[in-house]
Amino acid sequence: MSKIELFAAIRRDLAAGMSGRAVEEKHRVGRRTVSAAMASALPPPRKAMPPRGSKLDPFKPAIDDILRADLDAPRKQRHTVRRIYHRLLDEHGMADVSYQVVRTYVADRKPKIRAESGRGPIKVFFPQTHRPGAEAEVDFGEVVINLRGEPVTCMLFSFRMSFSGKAIHRVFASGGQEAFFEGHVHALQRLGGVPTGKVRYDNLRSSVAKVLGFSRQRIETQRWTAFRSHYGLDVFYCQPGIEGAHEKGGVEGQIGWFRRNHLVPVPRVESFDQLNAMVDQWDDQDDARRIGTRDRTVGEDFAVEQPLLARLPDDDFETGIWLTPRVDRYSQVTVRTNRYSVPVRLVGRPVRVQLHASHLVVYDGREQVAWHERLMAKGGSRLDLDHYLEGLIRKPGALPGATALEQARAAGRFTPVHDAWWAAARKAHGDAAGTRALIEVLLLHRHMPHDHVVAGLATAVRAGALTADAVALEARKFAETDDRPPTSSPGLRTLPANVISLTERRLAQLPTDTRPLPTVTAYDQLLRRRAEGTGS
């Protein structure tokens, strides 16, 4: 039995009237044990054995002195364990003490000596309580997606409310300032307001131009100052390095949780718009989860703090960056080390480029002339074959080896049907004339849907009709029988829903025309009279 059970049995027998000697004989214990049991039901603690001596004991004061001296020494000229060991051998005559014994003692004493001198720090984490609607955290994290069959490394933006844990995410091609601003705008619109307290940030280049020493003071970028002023954000910059990560641990953990739970396995998407639509659905689904041991879900806590958020400004902030490059002789503009095509009529002229996180738009004055998805690698090019058609009519021999043609094939816009019709046209009309006929067909894509033109090409190939007019005729026939709703190209600029066409408005206000339709019946009498006169 245990010693506590032994004491209980002794106390029970003594209470029953047994003598001390009888109890000693029954339980085979001595008088001291019986006396201890009578004094307390709990056995006395076992006496600790005196510490065993060590061969290192005479040298421990010397080691402590070395460690204390290191507190004021330059950081790169402090003692290592090996240097301490050799000094003990050379200067103090230490013998028969292994290096492992010295290393164990130094590992134990070094943090204690630093703490005793007041230079700690002893790392302690303090629980925090966040007020609803007041605090938030922002950060970027890397994710990998499968974009059109290729693995691509992207940036995941996360804006997390500290009280509820409600987080809004957005995936961008890069983590530049455009993505930083667009992520904020999307998050604040989804949240329906602006936090009234501190929003914690890393020292990102998008917001911080320079960190001033080891203080909390920062020199901010001009556009970031304007942006946070527009939305009324009260920013708090964390310490640089790994120490700053602990100051916004909520969003750091949130990015990892989101990546493990929603981006595993790696999603396969055709565009960032498709991926971000999925991300918005995942954010809504996460309202039903509980964080740790909380009693309420994320959605329930956010319902408490959402009415406490500050009101969003009435007007939006322009998140895109305006650039003014000049079109080179290849009909391209260079934006952030990458090249993008524009119509050949703009060669040599300056244009305006509005750069966004995932795409860019090129303007000639107020007219939109090009739209491109941003390239993620450096030194690449994205060329639209349609931009070169006017120049290729004059130089048809440049089309077979054109880079724009290869990119159109890779993107699926120049199909095998185009190639089949082109080969038949060159065989029938010659290389130059057949290529010009193909270019005229490609011009049809500007005002006819892509599927209709491809269907017209397929019919024309089977019928042996090798002219652009024949392809246009067959495409219109296919359009008349196609009941599918028309799809718009991503580069086609459409009017917003709140913009009304003045022409449509004027036509709608015109009164109903009740006049009869025009007829040429009266002129038929003249034709008959002429025929009678000729016969006579």
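Which residues is Met448 in contact with, leaving aside its neighbours within four places in sequence? Select Met448 and look around it. The contacts are Val453, Ala472, Ala475 and Arg476. Keep in mind that this is a predicted model.

**Stop 1: Met448**

Met448 sits in the loop between H16 and helix H17, which spans 450-463. Is Met448 buried or exposed? Its relative accessibility is 10%, so Met448 counts as buried, because buried means under 20%. In sequence, Met448 and Arg476 are 28 residues apart. In space, their C-alpha atoms are 8.6 Å apart.

**Stop 2: H15 against H16**

Select residues 416-429 for helix H15 and residues 431-443 for helix H16. Their axes come within 7 Å and cross at roughly 145°. The crossing is right-handed. Show the side chains next. From H15, pick His418, Trp421, Trp422, Ala425, Arg426 and His429. They meet a set of residues in H16, including Asp431, Ala433, Leu438, Val441 and Leu442. What classes of residue make up the contact of H15 with H16? By class, there are eight nonpolar, four polar and two charged residues.

**Stop 3: the largest nonpolar core**

Now select Phe157, Phe159, Phe180, Tyr201, Trp224, Phe227 and Leu233. These have the most contacts inside the largest nonpolar core, which has 30 residues. Several elements give two or more residues to this core, among them strand S1 (136-147), strand S2 (150-161), helix H7 (177-191) and helix H8 (222-231). Which element gives the most to this core? H7 does, with seven residues.

Centre the view on Trp224. Leaving aside its neighbours within four places in sequence, Trp224 is in contact with residues that include Phe180, Phe181, His184, Tyr201, Leu233, Val235 and Tyr237. Another core lies apart from the largest one. This other core has 29 residues, among them Leu389, Ala404, Phe414 and Ile439.

**Stop 4: one side of H12**

Go to helix H12, residues 298-305. Which residues of H12 are buried? Select Val298, Asp301, Phe302 and Glu305. They lie on the same side of H12, because they cover an arc of only 100° around the axis. An α-helix has 3.6 residues a turn, so residues three or four places apart point the same way. What covers the buried residues of H12? The cover includes S2 and H7.

**Stop 5: helix H4**

Select helix H4, residues 60-70. Its buried residues are Ala62, Ile63, Asp64, Ile66, Leu67 and Asp70.

**Stop 6**

Most residues other than glycine have a negative phi, and most peptide bonds are trans. Here are some places to check against that.

- Select Arg28, in the loop between helix H2 (20-27) and helix H3 (31-39). Its phi is positive, near 55°. At 79% relative accessibility, Arg28 counts as exposed.
- Select Asp96, in the loop between helix H5 (81-91) and helix H6 (99-116). Its phi is about 60°, again positive, although Asp96 is not a glycine. Asp96 is exposed, with a relative accessible area of 67%.
- Select Val264 and Pro265. A cis peptide bond joins them, with omega about 0°. Pro265 is in the loop between helix H10 (249-262) and strand S8 (268-269).

**Stop 7: two glycines**

Select Gly391, in helix H13, residues 389-394. Gly391 is buried, with a relative accessible area of 18%.

Now select Gly365, in the loop between strand S13 (359-364) and strand S14 (367-373). Gly365 counts as partly exposed, at 43% relative accessibility.

**Last stop: Thr481**

Finish at Thr481, in helix H18, residues 468-481. Is Thr481 buried or exposed? Thr481 is exposed, with a relative accessible area of 59%. How many residues apart are Thr481 and Tyr99 along the chain? They are 382 residues apart, and their C-alpha atoms are separated by 89 Å.

Technical notes. Residues are numbered from 1 along each chain as its sequence is written. This is a predicted model: local features need pLDDT of at least 70, side-chain atom pairs count only at pLDDT 80 or more; totals for chains, interfaces and linings use all residues. Side-chain values use heavy atoms; hydrogens and water are left out. Axes are lines fitted to C-alpha atoms, for helices over the stretch in contact, and angles run from 0 to 180 degrees between N-to-C directions. Helices (H or I, at least four residues) and strands (E, at least two) are DSSP runs, numbered from the N terminus. A crossing is left-handed if the near helix is turned anticlockwise from the far one by less than a right angle, and right-handed if clockwise. Contact means heavy atoms within 4.5 Å. Ala, Val, Leu, Ile, Met, Phe, Trp, Tyr, Cys and Pro count as nonpolar, Asp, Glu, Lys and Arg as charged, and the others, Gly among them, as polar. A nonpolar core is a set of buried Ala, Val, Leu, Ile, Met, Phe, Trp, Tyr and Cys residues joined through side-chain atoms within 4.5 Å. Buried means under 20% relative accessible area, exposed over 50%, partly exposed in between (1.4 Å probe, protein chains only). The arc is that of the directions from the helix axis to the C-beta atoms.
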